[in-house]
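Keep the picture handy as you read.

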Amino acid sequence: ENGGEGEKETEEVSDFGGRVVSSSPTGEQFSDTPYHVVINERMTTDDLRAAIFAKLVADGKLAEGDDMNRVRLREKLSHRCTKVIRNGSTLRQAMHTIYDNREIAIELLQEPEELEKTHPTAGQIVNFRRWHRSTWLVSDKFELYLEQGMQLSKLCATLSSMTKIPEPNLRIFKTALYSNTKHHELPTQKWRDFHGDLRTVVTASLNPMDGDVLVVMDDTEPLRDLSEAEKESIVTFKKKSYSNTSYYNRWPLPSPFTCWPDPAKLARRYPAQPQPYSCPVPALSRLASLFPLYPLCTHATPAPQATCRCPRTRPKRRAT
């Protein structure tokens, strides 16, 4: 039995460098076959929900006796589920735009949801996860409805009662969209203390949207030191992510992963052009002098009749 536990622990540690708090959404989370529904701008959200519910029942996803409000409708942007569509309005009022082949995400809930009755005030449904510093583990997501006028102090009190973290020790971090924040990157993120803050979730820098993922932690919880296997996993993952075949390393121009080259070495490697040139824009002229092989505007050409295409200036034509 001990041997089996050891193998399981080794397997978990081996992928530590690639563990993410919230993965970027992909098409794999959606079904392959969509449900086609004919709609118009004057159609109500209740009618749309009823039409989709009928298709789910016909497909065997739901039973006829199920509550129709178990179907949550959300706007779909690329692979991301965004705004939750409420009942009691037309599609033109509830959605940003309507056009042919407009995609709407369907989310099946365990319990019926009627936001227009339980939460009449405008707000967002946000996902929260707790990070345990002593174990480096992140809990499962749990949803919380944030009213636009909710004060941050009230949010901290609510999260404190749900996570058992004392309010003065509670810290919040909002993950960026499509960021793929890793577990080992959490200690260096910008954790915010909103205890006693009288600003609202909208006026402050938090400003959440439907579907956002926020992470909470106890600032006083000791941070466990990573094992050598976990550190090696982080290095291995970074090597896979930032390989020599990446976009930035394919060109001799400077990149975020390299230092600026010495201008003297560049001059020896790339001899100056036969005819000197200059650009009226000082910044472009400076860069052009450093990288003569890659002119930044058509001022670099020696042809006297060439048309200037510099985005900031347009010189006068020469008199013939």
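## A walk through the model

Of the 320 residues in this chain, 34% are buried. Keep in mind that you're looking at a predicted model. The chain contains eight helices and eight strands.

Three strands make it up, it is open, and the order is β2-β1-β3 with antiparallel pairing. Because β2 and β3 stand at the edges with a single partner strand each, one side of each has no neighbour in the sheet. Neighbouring strands here are turned against each other by 45° on average, if you ignore direction. As a bit of background, strands of a sheet pair through backbone hydrogen bonds, in either a parallel or an antiparallel way. In this chain, β1 and β3 pair in the antiparallel sense over five bridges. You can pick out one facing couple yourself: Glu75 stands opposite Ile104 in β3. Then there's a helix to spot, as α2 lies across β1, β2 and β3 and runs at about 105° to β1.

Next up are the empty spaces. Rolling a probe the size of a water molecule over the atoms shows where empty space is left. How many cavities of 30 Å³ or more does a search of the whole structure find? It turns up two.

| Space | Volume | Lining by class |
|---|---|---|
| Largest cavity | about 70 Å³ | five nonpolar, one polar, six charged residues |
| Largest pocket | about 1,600 Å³ | 22 nonpolar, 14 polar, 14 charged residues |

Start with the cavity. Its lining includes Arg49, Val71, Arg72, Leu73, Val84 and Ile85, and also Glu113, Glu114, Leu115 and Glu116. The elements giving two or more residues to this lining are β1 (71-77), β2 (80-85) and α4 (115-118). Which element gives the most to the lining of the largest cavity? That would be β1, with three residues.

The largest pocket is lined by 50 residues, and Phe30, Lys76, Ile104, Ala105 and Ile106 are the ones that lie nearest its centre. Two or more residues of the pocket lining come from each of α2 (45-58), β1, β2 and β3 (104-108). Here β3 gives the most, with five residues.

Finally, have a look at Leu223. Where does it sit? You'll find Leu223 in the loop between β8 (213-218) and α6 (228-241). Is Leu223 buried, exposed or partly exposed? Its relative accessible area is 33%, so it counts as partly exposed, since buried would mean under 20% and exposed over 50%. Leaving aside residues up to four places away in sequence, Leu223 touches Trp131, Arg133, Trp136 and Pro187. Ser134 is another one to look for: Leu223 and Ser134 are 89 residues apart along the chain, yet their C-alpha atoms are separated by 5.0 Å.

Note on methods:
Residues numbered from 1 in each chain as written. Predicted model: local features only at pLDDT ≥ 70, side-chain atom pairs only at ≥ 80, totals over all residues. Heavy atoms only, no water. 1 Å grid on protein atoms, 1.4 Å probe; cavity = no way out; pocket = protein on both sides within 12 Å on 5 of 7 lines; lining within 4 Å. Points joined across faces, edges and corners; volume = space filled by probe spheres on them. Helix = DSSP H or I, 4+ residues; strand = E, 2+ residues; numbered from the N terminus. Nonpolar A, V, L, I, M, F, W, Y, C, P; charged D, E, K, R; others polar. Pairing = 2+ DSSP bridges. Axes fitted to C-alpha atoms, helices over the stretch in contact; angles between N-to-C directions. Contact = heavy atoms within 4.5 Å. Buried < 20%, exposed > 50% of the residue type's maximum accessible area, 1.4 Å probe, protein only.
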